[in-house]
Amino acid sequence: MIMTRAARPLQVYLDERDLERLEAWTRERGWTKSQAIRVAVRALTRSPSKDPLLEPSGDIDGLPTDLSANFDRYLNETFVAEPRAPYRTRRRSRTAVRR
């Protein structure tokens, strides 16, 4: 059984610009303002990872949920390699060297 903590109210005052940005951000994602603020608080207060490569984990919105499991497939779908340069041999002229 998972125990849930009781939620307590919090009142936050935002200026018009910040409120508009929050409302636009939540509208794009279909979230409530409360959900967005909870996620922001958790992101700001979580303990930093000891591995600097894993530290930015979760910072990018819109990634596929199965990215970790199918990383190679997504990489191959998005990676575009430049075509291989044609192999050429240079021919040197065999002129006599004056001494």
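**Helices and contacts in a predicted model**

Along its sequence, the protein chain follows the pattern α-α-α, where helices (H or I, at least four residues) and strands (E, at least two) are DSSP runs numbered from the N terminus. The model is predicted, so local features need pLDDT of at least 70 and side-chain atom pairs count only at pLDDT 80 or more, while totals for chains, interfaces and linings use all residues. Residues are numbered from 1 along each chain as its sequence is written, and side-chain values use heavy atoms, without hydrogens and water.

Student: Are H1 and H2 roughly parallel or roughly perpendicular to each other?

Tutor: Helix H1 (residues 16-29) and helix H2 (residues 33-45) pack with their axes 9 Å apart, at an angle of about 100°. Axes are lines fitted to C-alpha atoms, for helices over the stretch in contact, and angles run from 0 to 180 degrees between N-to-C directions. Angles under 35 degrees count as roughly parallel, over 145 as roughly antiparallel, 65 to 115 as roughly perpendicular and the rest as oblique. H1 and H2 are therefore roughly perpendicular.

Student: Which residues in H2 meet H1?

Tutor: Contact means heavy atoms within 4.5 Å. From H1, the residues involved are Leu19, Leu22, Glu23, Trp25 and Thr26; their partners in H2 are Lys33, Ala36 and Ile37.

Student: How far apart in space are Leu19 and Lys33, C-alpha to C-alpha?

Tutor: Leu19 belongs to helix H1 and, beyond its neighbours within four places in sequence, is in contact with Leu14 and Lys33. Leu19 and Lys33 are 14 residues apart in sequence, and their C-alpha to C-alpha separation is 9.5 Å.

Student: Is Thr26 buried or exposed?

Tutor: Thr26 is found in helix H1. Leaving aside neighbours within four places in sequence, Thr26 is in contact with Trp31, Thr32, Lys33 and Ala36. Buried means under 20% relative accessible area, exposed over 50%, and partly exposed in between (1.4 Å probe, protein chains only). Because its relative accessibility is 5%, Thr26 counts as buried.

Student: What is the relative accessibility of Asp66?

Tutor: Asp66 lies in the loop between H2 and H3. Not counting residues up to four places away in sequence, Asp66 touches Arg73 and Tyr74. Asp66 counts as partly exposed because its relative accessibility is 26%.

Student: What percentage of the 99 residues in the protein chain is buried?

Tutor: The protein chain has 3 helices and 0 strands. Of its 99 residues, the buried share is 4%.
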